[in-house]
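Reader: Hey, can you go through this one with me? I'll just ask things as they come up.

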Amino acid sequence: MKQLETDVVVVAAGLSGLAASVAAAESGARVITLEKASNTGGAANMDMGVEFNSVRPAFRARERTRAYADGEYTWHVVQPEDGSEPGPRAATTMTKRMTEHAQELGVEFMLECPGTGLITNDEGAVVGVTARDKDGEEYEISCSSVIVATGGFGHNAQMIKDTMGFEWGKNLFSFAIPGMDGDGLNMCHAVGAGHTPVTMEMMYQIPDNMNHFYVEGAFRQPCYWCNRMGERFMPEDEIFNTTFVGNAINHLSGKVAYAIFDAKMLRHWKKDGPDIVSHVHLHDLYEGFDEQWERDLADGYEPICQADTLEELAEKAGIDVEGLIANVEEYNEMCTNGWDEIFEKEREFMQPLEKGPFYCCKQYIGAYGTLGGVLINHNMEVMTDDYQVIPGLYCVGTDACTIYGDSYNYCIPGNTMGFCLNSGRIAGENAAAKLFEY
Ligand SMILES: Cc1cc2nc3c(=O)[nH]c(=O)nc-3n(C[C@H](O)[C@H](O)[C@H](O)COP(=O)(O)OP(=O)(O)OC[C@H]3O[C@@H](n4cnc5c(N)ncnc54)[C@H](O)[C@@H]3O)c2cc1C
């Protein structure tokens, strides 16, 4: 067992761990940062952007972000280093800069060396961490503070089932980023950390969506959306709000919805572009649609099907045939009248389902990852279930994030990253300040 000594150990170099490492080092602490993966950045390497006020201190390059104003808040979408259009994974630019800055400040990164447990003294204070590198070498690192930042348990299907009841791959198709196994929660709870409710950062998604991105984008339109009985369940002009849709699907039979459009709608989107433009999906989704759709159909990609009649489509998709026919008839009549009596969907999107081929894609619950688990106070210090601070222990990022209640805040995009950056920064500053208390 190798013995090391430092001031602050940060367990994980995802977004919140990087923020904690930078803040502690900027405040004068010696920092060792353990990271399970072979690179830094964690799930944040998949991201597009960050909520308003955290960008400048974290990134130091505000001019390289594009701001979307929403009231007093802005979503800063990070421009990729090569100058190309911002999009998924663009935030890697930011995590790279943060890593470089941490290294300049002297932070020692130990990659492929996960933290395995916390060391406590007789008074229950946390005074160190154990770790194990990829060659099996064990470490015991003593320090005055540990900051845990391991990104939740989005990759741990059993823990998701045990805590929230979802069955990954059956009624949940969330991002499962390797490495997010709940290590931080388990470590903290093992030394007496209190518990918070845990939730998924819920939205809606199709299985293996990153490999079927054009299908996902192409169906995120205000066409006809229904449940297994063929009944509409929400105004389809709200389907851009991924939180609303995820929450709604969570309450449907089988936790599944069906998005359906016909040949006429497809022609319209091909000619005029999508009715709902997403910042995430490509805007020219429909250009290569036919070719990619045919390929996915031939591959037997389960969520999709196509048919010349609605009856045939319902049978293929597993929707109640009579229910779908009756509900589409009623919907088409409302389209003719130009008024959605049930959900008051915008008139311009009241397009009937008329002529085949009809296209259908099943929509499931998705999520970016998990949220919460470890009880903290405003300084990000970990507390017991009795709200007693465990000295020397901080927890940040999604391991400790409970700012949402039961629904992800879709109205301020980028706010999970915002919490990660700020909670990491606050913990890093506090852990360092402790060193200089006399
Ligand atoms: C596809 C996708 C897109 C997203 N887009 C956005 C967006 O645009 N805006 C936004 O605000 N949020 C977005 N999010 C959410 C955002 O990525 C997360 O909220 C954020 O990255 C979480 O940061 P974190 O520091 O808590 O954990 P992460 O960034 O997930 O990092 C956790 C780190 O812990 C490491 N680790 C795990 N166990 C150990 C261990 N035992 N020891 C050491 N290291 C360990 C992991 O390897 C990983 O590097 C997105 C998420 C996904 C999946």
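Reader: Is Glu138 buried, exposed or in between?

Author: Glu138 is partly exposed, with a relative accessible area of 31%. For the cut-offs, buried means under 20% relative accessible area, exposed means over 50%, and partly exposed is in between, using a 1.4 Å probe and protein chains only. Keep in mind that this is a predicted model, where local features need pLDDT of at least 70 and side-chain atom pairs count only at pLDDT 80 or more, while totals for chains, interfaces and linings use all residues. Residues are numbered from 1 along each chain as its sequence is written, and side-chain values use heavy atoms, with hydrogens and water left out.

Reader: Ok, and which side chain does Glu138 meet in a salt bridge?

Author: That of Arg132, at 3.0 Å from N to O. A salt bridge here is a side-chain nitrogen of Lys or Arg within 4 Å of a carboxyl oxygen of Asp or Glu. Arg132 is partly exposed too, at 42% relative accessibility.

Reader: What does Arg132 stand opposite in S10?

Author: Glu138 again. Arg132 ends strand S9 (residues 126-132), and S9 pairs with strand S10 (residues 138-142) in the antiparallel sense over five bridges. Two strands pair if DSSP finds at least two bridges between them. Strands (E, at least two residues) and helices (H or I, at least four) are DSSP runs, numbered from the N terminus.

Reader: What's in the turn between S9 and S10?

Author: S9 and S10 form a hairpin with five residues between them, and Gly136 in that turn has a positive phi of about 90°. The S8 and S9 hairpin has five residues between the strands, and Gly124 takes a positive phi near 90°.

Reader: How many residues of S9 are buried?

Author: Five of its seven, so the strand is mostly covered.

Reader: Back to charges. How many salt bridges does the structure hold?

Author: There are 16. One of them joins Arg30 and Glu5, at 3.1 Å from N to O. Arg30 lies in the loop between helix H1 (15-26) and strand S3 (31-34) and Glu5 lies in strand S1 (residues 2-5), so this pair ties together parts that are 25 residues apart in sequence. Arg30 is partly exposed at 41% relative accessibility, and Glu5 is partly exposed at 48%.

Reader: And what about Lys345 and Glu236, how far apart are they from N to O?

Author: 3.2 Å, in a salt bridge. Lys345 sits in the loop between helix H11 (321-337) and strand S16 (358-371), while Glu236 sits in the loop between strand S13 (224-226) and helix H7 (242-250), so the pair ties together parts 109 residues apart in sequence. Both Lys345 and Glu236 are buried.

Reader: Is Phe261 buried or exposed?

Author: Phe261 is buried, with a relative accessible area of 0%. Phe261 also pairs edge-to-face with Trp269, at 4.9 Å centre to centre and 85° between the planes. Trp269 is buried at 2% relative accessibility. Ring pairs link these residues into a cluster whose members include Phe219, Phe261, Trp269 and Tyr286.

Reader: Last one: what's the average pLDDT of the protein?

Author: The average is 90, and 89% of the residues score at least 70. pLDDT is the predictor's confidence in each residue, from 0 to 100. Residues 52-74 stay under 50.

Definitions and conventions: Phe/Tyr/Trp six-rings, centres within 6.5 Å; stacked < 30°, edge-to-face > 60°. Contact = heavy atoms within 4.5 Å.
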